[in-house]
Amino acid sequence: MTLLSLISFFVFCVLYAWTLYNMPILAVGLKHLLRKLRKKGNKEAKPSSQGNLPFISILVPVKDEERVVGRLLDALLRLDYPKERSEIIIVEDGSKDKTVEICQKYVDQHSSHIKLFHRETSNGKPTALNYALKKAKGEILALFDADCVPNSDVLLRAVKCFKDPSTAAVQGGTSSINANENMLTRLISYEEAVAFRTYALGRNVLNLFVYLIGSCCFLRRDIVEKLGGWDEGSLCEDLEISIRLTKEGYLIRYEPEIQSWQESPAKLGALIKQRARCLRGHMETALKYGKLITNVNKKSLDTEVTLLTPFIQIMGLLGYLMALATSFFSIRLDYTLSILGQTLLILTMTALLMIGIALIYVTKPCKMTNLLWLPFVFAYWLIENLIALYALLQIVLRRPKKWTKTTKTGTVNYDREQF
């Protein structure tokens, strides 16, 4: 075999294995999504606020969020949870806008319920969370980013999950609050809808690795303290603490009935900055925890596979470039590689078909026309693959790590019944 053939063989085999591995997860999630939709009229009853409820500390790290923080605090004050059994802890990190003034107004009006801590120096979200952890007194920690608008029942539903003593953390679902702003936000909203309502659901059902996304998530405070809090050197602190929780044998659950709305990047530049930071943090976490399979089991193996995701994305980009090369230039692969490539194409199309079915059913009402978004979903994948390559180059070239926050505009452009 030539060097090109060897590289092609390796890339095709990895992508083949990756696709085969993830298709059953997607299929199980899709099956449970459709089963849930078929149960018409059996909507789960709203949890009761009666009984012995745990004290919850709601942690809100903010910096330069004057356009959205008031909206979040209004939503938190509307939560169906006894005020005497919860507290809101705002950690403000050296804002240059009116964030402090806005937060202070809420503190003045709800001094017994909201606490504001101002820090002159900002060192990223993990340091703000650790600072809030020292101030929190709740049994359960609830994390919300400044652009979130949680449904009123999120705390009650989260508490219900923690009745199981084996549950250490719970991740809720998020939907785009500005899904209809432009084509990019619509694509991101569909990505999130499929990722949560299908893929994460499949992971949860199969008892695989469920990871936190840093917002609309809930953790037992004593366990977080036992782990030493969040890693302040991580660009992806949510995934990093999820790995440590799993490594120590703790259970993370995904609960689809816990829902919050948040803002999606409306400009490509903002998306690239956000995803580049997350993907670089993901890769660095993968390099840090590359030896989880000391105790081989289904969940530890799946955790390792999940950590490989951004590297597989880069291989997917290489596979696409190889396909272009063989299509437009006089480069021919041997018979085995051709079969692998064609089979991989069939598997990819099958996966896209399942995603297409999910797209039909994740919106309300169900829309066959959502299938028309599939080519754009594929193009969006390629953009994310390019961002993954950019993130890898930052690591290889040893570019300084910097916590870059995504600028929020406060835009609301969605249909609450759409997702």
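Trainee: Which residues of strand E4 point one way, and which the other way?

Mentor: In this predicted model, all four of the residues concerned are buried. In a regular strand the side chains alternate between the two faces of the sheet. Leu 141 and Leu 143 point one way from E4, and the other way point Ile 140 and Ala 142.

Trainee: Which residue in E4 is the bridge partner of Leu 59?

Mentor: Strands E1 and E4 pair in the parallel sense, over four bridges. E4 is also joined to E7 by four bridges, and these two strands run antiparallel. In E7, Ile 140 has Arg 220 as its bridge partner. For Leu 59, the bridge partner in E4 is Leu 143.

Trainee: Is Ser 215 buried or exposed?

Mentor: Ser 215 is placed in the loop between helix H6 (183–205) and strand E7 (217–220). Its contacts, leaving aside neighbours within four places in sequence, include Leu 143, Phe 144 and Gln 262. A polar atom of its side chain lies 3.1 Å from the backbone nitrogen of Asp 145. Because its relative accessibility is 1%, Ser 215 counts as buried.

How values were computed. Residues are numbered from 1 along each chain as its sequence is written. This is a predicted model: local features need pLDDT of at least 70, side-chain atom pairs count only at pLDDT 80 or more; totals for chains, interfaces and linings use all residues. Side-chain values use heavy atoms; hydrogens and water are left out. Buried means under 20% relative accessible area, exposed over 50%, partly exposed in between (1.4 Å probe, protein chains only). A polar contact is a pair of N or O atoms within 3.5 Å; within protein, one must be able to donate a hydrogen and the other to accept it, and residues adjacent in sequence count only if both atoms are side-chain atoms. Contact means heavy atoms within 4.5 Å. Two strands pair if DSSP finds at least two bridges between them.
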